[in-house]
Amino acid sequence: MNMSAPEVNAPSIASSAMLVEFSVSTWTARKKDRKATQDVADRNNLASKELTNVTKKLIDCEELSAVVKFGANARNIHYSMTMPWSDMGQRIVTTQQYFKYHEVMTELQQEFDRLTEAFLEVYDYEVTEMQLKLGDMWNRDEYPTADTIRDRFRMRISYMPLPDAGDWRIDIQNEAQQQLTQQYADYYTAQINNAMNDLWHKLYENLTTLVRQLDYDADGKRNRVYDSVFDRAHELVEMLSTCNVTGDSQMEAMRQRLDTALYGLTADAVKRDDTLRDTAREKVKDAIANLPSLDF
């Protein structure tokens, strides 16, 4: 990979992208047990109970695990379909990507709510079950009502317009305003570069994984190929088009190269045909060699 990373000269992308904030929270159902902590400290002759910490699960059931895992997966999907913007958690979704992103996230929101309600339906029963599991560590006062618990489960998606690099609306002296405008222009340029480089990195990680799976082990046996890696490769090729907010010709050229290399390619196809497998591996390796140099 001997090509230089493409430079972005801060074009206005305010009309082709927007900011999105995603947040998800769940009830941890864990609590420090002060009495048990003190007991451990006493039994082990610790100088201070602060040297240990006994934490207990207030609820231990499949329904709670399901909603917690789903929330974490939803966050990963959000990251996979957007690009970074600020340290505050705001990310970019392009106008071309918006409808697909919004459709996917709406479905995730609905499933998250369904899983939450499924947990709340068994909550009171699980509270009584935990009395048997925790024994003397069980304390009914530590369990909120089901309605209170419902408020601990939240998934929110908020969209905001992306400010233009030259959009600086405050009433200060002209010299200071020029300085602030230049600072934001520099920030704007850096954030666009970060966003585009993030997409390149995602692509590199996926393609290197794909090449490894298309290869053979030391004994000449085929490595295992996963559908999810192929699906992600096709998704990223699409993102090279929908997320190319700067009109980068190098990104478009890579999209066309990979579109040709992966056309009609599936995990099942390469599992059945070694020739197809070898051809695909070499095409993907060639694509990796032509990625920009981004300190991989």
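I will cover confidence, then the strands, then the rings, and finish with one leucine and the cysteines.

This is a predicted model, so local features need pLDDT of at least 70 and side-chain atom pairs count only at pLDDT 80 or more, while totals for chains, interfaces and linings use all residues. Residues are numbered from 1 along each chain as its sequence is written, and side-chain values use heavy atoms, with hydrogens and water left out.

Confidence to begin with. pLDDT is the predictor's confidence in each residue, from 0 to 100. The protein averages 83, and 80% of the residues score at least 70. Helices (H or I, at least four residues) and strands (E, at least two) are DSSP runs, numbered from the N terminus. Over residues 1-10 pLDDT stays under 50, and the model has 32 contacts beyond four places in sequence for that stretch. A contact means heavy atoms within 4.5 Å.

Now the strands. Two strands pair if DSSP finds at least two bridges between them. Strand S1 (residues 17-25) runs antiparallel to strand S5 (residues 91-94), joined by four bridges. Within that pairing, Ala-17 has Thr-94 as its bridge partner. S1 also pairs with strand S6 (residues 154-161), again antiparallel, over eight bridges. There, Val-20 stands opposite Tyr-159.

Tyr-159 brings us to the rings. Rings of Phe, Tyr and Trp (its six-membered ring) pair if their centres lie within 6.5 Å; planes under 30 degrees apart count as stacked, over 60 as edge-to-face and the rest as tilted. There are seven aromatic pairs in the structure. One of them is Tyr-98 with Tyr-159, edge-to-face at 5.2 Å centre to centre and 75° between the planes. Tyr-98 belongs to helix H3 (residues 95-134) and Tyr-159 to S6, 61 residues apart. Tyr-101 and Tyr-159 also pair: the centres are 6.3 Å apart and the planes at 85°, so this pair is edge-to-face. Tyr-101 lies in H3 too, so the pair ties together parts that are 58 residues apart in sequence.

How exposed or buried are these two? Tyr-159 is partly exposed, with a relative accessible area of 27%, and Tyr-101 is buried at 0%. Buried means under 20% relative accessible area, exposed over 50%, partly exposed in between (1.4 Å probe, protein chains only).

Elsewhere, ring pairs link Trp-27, Phe-119, Tyr-123 and Phe-153 into a cluster. The charged end of Arg-277 sits over the ring of Tyr-216, 5.5 Å from its centre; the rule is NZ of Lys or CZ of Arg within 6 Å of the ring centre and within 35 degrees of the ring normal.

Last, Leu-199, in helix H5 (residues 174-214). Leu-199 is buried, with a relative accessible area of 1%. Not counting residues up to four places away in sequence, Leu-199 touches Met-83, Leu-236, Met-239, Leu-240, Cys-243 and Met-251. Its C-alpha atom is 9.3 Å from that of Pro-84, 115 residues apart along the chain.

Of the cysteines, Cys-243 is buried at 2% and Cys-61 at 8%.
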